[in-house]
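This briefing covers fold, salt bridges, aromatic pairs and surface, in that order.

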Amino acid sequence: MKTKHDPDYLDSMSKNPNNWRGPFYFNRKDPRLLVPKLYPAFGKTLNFASPYSYVFLIALILVIVLAQFFL
């Protein structure tokens, strides 16, 4: 039986086209925040089913906005 964190199992989830909505990846069962894109040579993307991805995006936007005021 495959465990949740088996790399082959995780890769099969990220390659499943049903988990992709255009360029966005949505899979609540995938514990990763960053997942490889359908074509791994293009890098990684966020798992938008994870609430941590939105926390990451908000933090990134805040850093950019605050950098504009202090630099």
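Along the sequence, the chain runs in the pattern α-β-β-β-β-α, with two helices and four strands in its secondary structure. Helices (H or I, at least four residues) and strands (E, at least two) are DSSP runs, numbered from the N terminus. The model is predicted: local features need pLDDT of at least 70, side-chain atom pairs count only at pLDDT 80 or more, and totals for chains, interfaces and linings use all residues. Residues are numbered from 1 along each chain as its sequence is written, and side-chain values use heavy atoms, with hydrogens and water left out.

**Overall shape**

- Along the principal axes, the C-alpha atoms fill a box of roughly 50 × 25 × 20 Å.
- Of the contacts in the chain with a separation of 6 or more, 9% are between residues 24 or more positions apart; contact means heavy atoms within 4.5 Å.
- Of the 71 residues, 25% are buried. Buried means under 20% relative accessible area, exposed over 50%, and partly exposed in between (1.4 Å probe, protein chains only).

**Salt bridges**

- The count is two salt bridges, each a side-chain nitrogen of Lys or Arg within 4 Å of a carboxyl oxygen of Asp or Glu.
- Arg-32 bridges to Asp-30, with the closest N and O atoms 2.9 Å apart. Asp-30 is buried at 4% relative accessible area.
- Shared partners join Asp-11, Asp-30 and Arg-32 into one network of salt bridges.
- The other partner pair is Asp-11 with Arg-32, at 3.9 Å from N to O. This pair links distant parts of the chain, 21 residues apart: Asp-11 is in helix H1 (residues 7-15), and Arg-32 is in the loop between strand E2 (24-25) and strand E3 (34-36).
- Asp-11 is partly exposed at 32% relative accessible area, whereas Arg-32 counts as buried at 18%.

**Surroundings of Asp-30**

- Asp-30 is placed in the loop between E2 and E3.
- Leaving aside residues up to four places away in sequence, Asp-30 touches Leu-10, Met-13, Tyr-25, Val-35 and Asn-47.

**Aromatic pairs**

- There are five aromatic pairs. Rings of Phe, Tyr and Trp (its six-membered ring) pair if their centres lie within 6.5 Å; planes under 30 degrees apart count as stacked, over 60 as edge-to-face and the rest as tilted.
- The Tyr-39 and Phe-42 rings have centres 6.1 Å apart and planes at 85°, so this pair is edge-to-face. Both Tyr-39 and Phe-42 are exposed.
- Phe-24, Phe-26, Phe-48 and Tyr-54 are linked by ring pairs into a cluster.

**Surface**

- The chain exposes about 5700 Å², of which carbon and sulfur atoms supply 69%. Accessible areas come from the Shrake-Rupley method with a 1.4 Å probe; for residues, only the protein chains shown count as cover.
- Ile-58, Ile-61, Leu-62, Val-65, Leu-66, Phe-69 and Phe-70 make a nonpolar surface patch of about 780 Å². Patches are made of residues with over 30% relative accessible area and no salt bridge: like charges are joined within 9 Å, nonpolar side chains (Val, Leu, Ile, Met, Phe, Trp, Tyr) within 5 Å.
- Ile-58 sits in helix H2 (residues 51-70) and is exposed, at 53% relative accessible area.
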